[in-house]
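Please look over the sequence and the model shown here before reading on. The report is meant to be read alongside them.

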Amino acid sequence: MENTLGLEIIEVVEQAAIASSKWMGKGEKNIADQVAVEAMRERMNKIHMRGRIVIGEGERDDAPMLYIGEEVGICTQPNAESLCNPDELIEIDIAVDPCEGTNLVAYGQPGSMAVLAISEKGGLFAAPDFYMKKLAAPPAAKGKVDINKSATENLKILSEVLDRSIDELVVVVMKRERHNDLIKEIREAGARVALISDGDVGAAISCGFAGTNIHALMGIGAAPEGVISAAAMRALGGHFQGQLIYDPEVVKTGLIGESKQANIDRLKSMNINDPDKVYDAHELASGKTILFAASGITTGNLMQGVRFFKGGARTHSLVISNQSKTARFVDTIHMFGEPKILQLN
C-alpha cells in the first residue's frame with residue numbers, strides 16, 4: 001500500500017492545504033473548509049484505488065463531498081470504464097479531515113493542517129460523529145499511563161518514564177468549559193498546561209516526537225479526529241486511548257443526537273454495544289497497514305504552513321507508515337506556471 005499510494009496521499013493533503021491556506025486570516029472558516037474538501041476530493045479521485053470514506057465531513061444529507069460512505073478513486077470518473085478495472089484495484093478505507101482547525105485558519109492562528117489516514121478495508125474504526133475522551137503520550141509511556149487514571153496519577157507516571165520532574169511536563173488541553181476541573185488538577189499537580197482552541201490531532205501526534213515539548217494530550221475532543229490521531233500514534237509507537245462520550249451533559253457544548261439515550265441507541269445501531277469501552281490505538285486503527293499523512297496549513301509544532309511566492313507555493317508535510325516504520329517530512333515546491341528559476345522567499 002505504501003509503495004502504491006504513499007506519494008499520492010501526500011499530494012492529496014498538499015492540495016487541500018494549499019486551497020485552504022488562501023483563506024487564512026479572512027475570518028471565513030466555512031469557506032476555508034469547503035475549498036479544502038473540494039481540493040482533497042478532486043485529487044483523491046485521480047488515484048488508482050477503490051476508496052471508501054469511513055470518517056469524513058458527516059452524513060450524506062449534510063455533506064455533499066467526502067461524506068461517510070462515499071466511494072472515491074479513479075473509478076468515480078465519468079469515463080471510468082476506460083480508466084480502470086475495479087477488480088485490479090486495492091480497496092481501502094479512508095479517514096479525512098481536510099481542514100483540521102478551521103478556526104485556526106480563519107483567524108491566522110498556528111497548528112491547522114489537512115490530514116488523512118488510510119488502511120485496508122475494515123482497518124479503521126468507523127467512529128460516529130460524537131465526542132471522545134482522549135489520552136495521548138510518548139512511546140515511553142505506552143501501556144503505562146491509562147485513561148481511567150486521574151491526571152495526577154498519569155503525570156507521576158510520565159515523570160518517571162520520561163525521567164523529568166512534573167513541572168517540566170507540558171499537557172495540551174482544549175480550552176473548553178468541560179475541562180475546567182481537568183486544567184485545575186494538572187496545574188495543582190505541578191505540570192504546565194498548553195491551551196488550544198482547536199486542532200487536537202496535531203497535539204496528539206506531537207506526543208510521538210521528541211523535541212516538541214508536548215508530553216501529553218488530555219481531555220475531550222471530536223471522536224472522528226480521535227481515530228485519525230490513533231492511526232498516527234499506532235504507527236509511531238506512541239500511547240493513545242479513546243473513550244466515546246455520548247452524554248450531552250458531559251460535553252456542555254452540544255452533541256449530535258437528541259439525548260443521551262438517543263445516542264446510546266445510535267451506537268447500538270452501529271454494533272457498538274459497550275458505549276463506555278476504552279479503545280487503544282490498535283483497536284481504533286486495526287488494519288495491517290496504516291498510512292497517515294498531513295500537510296500544514298498554518299505553521300505548527302511539526303510542520304510549516306503553506307508559503308506562497310511568485311509562481312508557486314511551498315508545503316511541508318508528514319507521512320507516517322507502520323509498514324516501513326518511517327515518519328517522513330516532505331518539503332515540496334509547487335510550480336503554478338511554467339517551470340523556471342524560483343526565488344524561495
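This is a predicted model: local features need pLDDT of at least 70, side-chain atom pairs count only at pLDDT 80 or more; totals for chains, interfaces and linings use all residues.

## Helix H5

In helix H5, which spans residues 151-161, the buried residues are Ala151, Asn154, Leu155, Ile157, Leu158 and Ser159. These buried residues pack against several elements, namely strand E5 (131-137), strand E6, helix H6 (180-189) and strand E8 (216-222). Just after H5 comes Asp163, whose phi is positive, at about 55°.

## Helix H10

Helix H10, made up of residues 260-269, has Asn263, Ile264 and Leu267 as its buried residues. When the helix is viewed down its axis, the buried residues of H10 fall within an arc of 100°, so they line one face of the helix.

The partners against which the buried residues of H10 pack are strand E9 (239-245) and helix H9 (248-251). H10 is followed by Asn271, which has a positive phi, near 65°.

## Met44 in helix H2

Met44 belongs to helix H2, which covers residues 29-44. Because its relative accessibility is 2%, and buried means under 20%, Met44 counts as buried. Setting aside residues up to four places away in sequence, Met44 touches Val12, Met49, Ile53, Leu66, Val72, Gly73, Ile94, Val96 and Leu116.

Ser206 is part of helix H7, which runs over residues 200-206. With a relative accessibility of 1%, Ser206 counts as buried. Once neighbours within four places in sequence are left aside, the contacts of Ser206 are Thr212, Ile214, Asn301 and Leu302.

The second largest pocket has a volume of about 380 Å³. It is lined by 26 residues, of which Pro110, Gly111, Ile196, Gly300 and Asn301 are the closest to its centre. Strand E6 (170-174), strand E7 (192-196) and H7 are the elements that each give two or more residues to this lining, and H7 gives the most, with three residues. By residue class, the lining of the second largest pocket divides into eleven nonpolar residues, 14 polar residues and one charged residue.

Notes
Residues are numbered from 1 along each chain as its sequence is written. Side-chain values use heavy atoms; hydrogens and water are left out. Buried means under 20% relative accessible area, exposed over 50%, partly exposed in between (1.4 Å probe, protein chains only). Helices (H or I, at least four residues) and strands (E, at least two) are DSSP runs, numbered from the N terminus. The arc is that of the directions from the helix axis to the C-beta atoms. Contact means heavy atoms within 4.5 Å. On a 1 Å grid over the protein atoms alone, a cavity is a set of points where a 1.4 Å probe fits but cannot get out, and a pocket is an open set with protein on both sides within 12 Å along at least five of seven lines; lining residues have an atom within 4 Å of a point. Grid points are joined across faces, edges and corners, and a volume is the space filled by probe spheres set on the points. Ala, Val, Leu, Ile, Met, Phe, Trp, Tyr, Cys and Pro count as nonpolar, Asp, Glu, Lys and Arg as charged, and the others, Gly among them, as polar.
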